[in-house]
Amino acid sequence: RRFKCGEDDEGYPIKVKLRHFVSYMRENDDDSPLYVFDSHFDDDDVSRTLLDDFAVPSVFPDDLFSLVGERRRPPYRWFLLGPKRSGTCVHVDPLGTSAWNTLVSGKKRWLLMP
C-alpha cells in the first residue's frame with residue numbers, strides 16, 4: 001500500500017510505502033518536511049479498519065454531502081501523517097466546508113483567521 005505525500009511538477013501524485021515514509025520522518029531535518037495527505041486511505045480492507053477506531057463527534061450530527069451519494073461526493077476523509085514542522089499553508093477547506101480532526105499522537109498548532 002502506498003500513501004500520497006505530494007505531487008510532482010505536473011500534478012501527478014507522489015506515493016510512498018508507509019515504512020519508507022516512517023524512515024524519512026525519523027531521519028529528516030527539512031525546514032518544511034513532506035507529510036502524507038491521502039484521501040483514499042479507506043480504499044482497502046486493512047486501512048478501512050482505522051474507521052472502526054473512532055466515531056464522528058456528536059457536535060457534528062449532519063453530513064450534507066451524504067445526500068449526493070458516494071459516487072458524487074467529494075473526498076471527505078483524509079489520513080495525515082507527518083514529522084515535526086510539517087503542515088499545510090493557509091487554505092480554505094474544499095467547497096468551503098468545515099472539518100473535524102482526530103490527533104492520535106503529537107501536537108498540532110492551528111492558526112484560525114476570521
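This note goes through the predicted model point by point, from the overall fold to single residues.

1. Basis of the model. The model is predicted, so that local features need pLDDT of at least 70 and side-chain atom pairs count only at pLDDT 80 or more, while totals for chains, interfaces and linings use all residues. Residues are numbered from 1 along each chain as its sequence is written, and side-chain values use heavy atoms, with hydrogens and water left out.

2. Overall fold. The protein chain holds two helices and four strands, which are DSSP runs numbered from the N terminus (helices H or I, at least four residues; strands E, at least two). Along the sequence these elements follow the pattern β-β-α-β-α-β, and the C-alpha trace spans about 45 × 40 × 35 Å along its principal axes. Of the 114 residues in the protein chain, 12% are buried, where buried means under 20% relative accessible area, exposed over 50% and partly exposed in between (1.4 Å probe, protein chains only).

3. Strand β1 (residues 2-7) and strand β2 (residues 13-17) run antiparallel and are joined by five bridges; two strands pair if DSSP finds at least two bridges between them. Within this pairing, Phe3 stands opposite Val16 and Lys4 stands opposite Lys15. The hairpin has five residues between its strands, and Gly11 takes a positive phi near 90°.

4. Salt bridge at Lys4. Lys4 also forms a salt bridge with Glu7, the closest N and O atoms being 3.1 Å apart; a salt bridge here is a side-chain nitrogen of Lys or Arg within 4 Å of a carboxyl oxygen of Asp or Glu. Both partners are partly exposed, Glu7 with a relative accessible area of 49% and Lys4 at 26%.

5. The network around Arg73. The structure holds four salt bridges, and Asp63, Glu70 and Arg73 are linked in a network of them. The side chains of Asp63 and Arg73 meet at 2.5 Å, N to O; these two residues are ten residues apart, and each lies in the loop between α2 (45-48) and β4. Glu70 meets Arg73 at 3.2 Å, N to O. As for accessibility, Arg73 counts as buried at 10%, Asp63 as partly exposed at 35% and Glu70 as exposed at 55%.

6. Surface patches. Patches are made of residues with over 30% relative accessible area and no salt bridge, like charges being joined within 9 Å and nonpolar side chains (Val, Leu, Ile, Met, Phe, Trp, Tyr) within 5 Å. Phe37, Trp78 and Leu80 form a nonpolar patch with about 250 Å² of accessible area together, an area that comes from the Shrake-Rupley method with a 1.4 Å probe. Leu80, in strand β4, is partly exposed at 40%. Lys84, Arg85, Lys107 and Arg109 gather in a patch of positive charge, where Lys and Arg count as positive and the place of a charge is taken as NZ of Lys or CZ of Arg.

7. Arg85. This residue lies in the segment after β4 (79-81) and has a positive phi of about 75° although it is not a glycine. Arg85 counts as partly exposed because its relative accessibility is 48%.

8. His20. Helix α1 (residues 18-27) contains His20, which is partly exposed with a relative accessible area of 46%. His20 and Arg2 are 18 residues apart in sequence and 9.7 Å apart in space, C-alpha to C-alpha.
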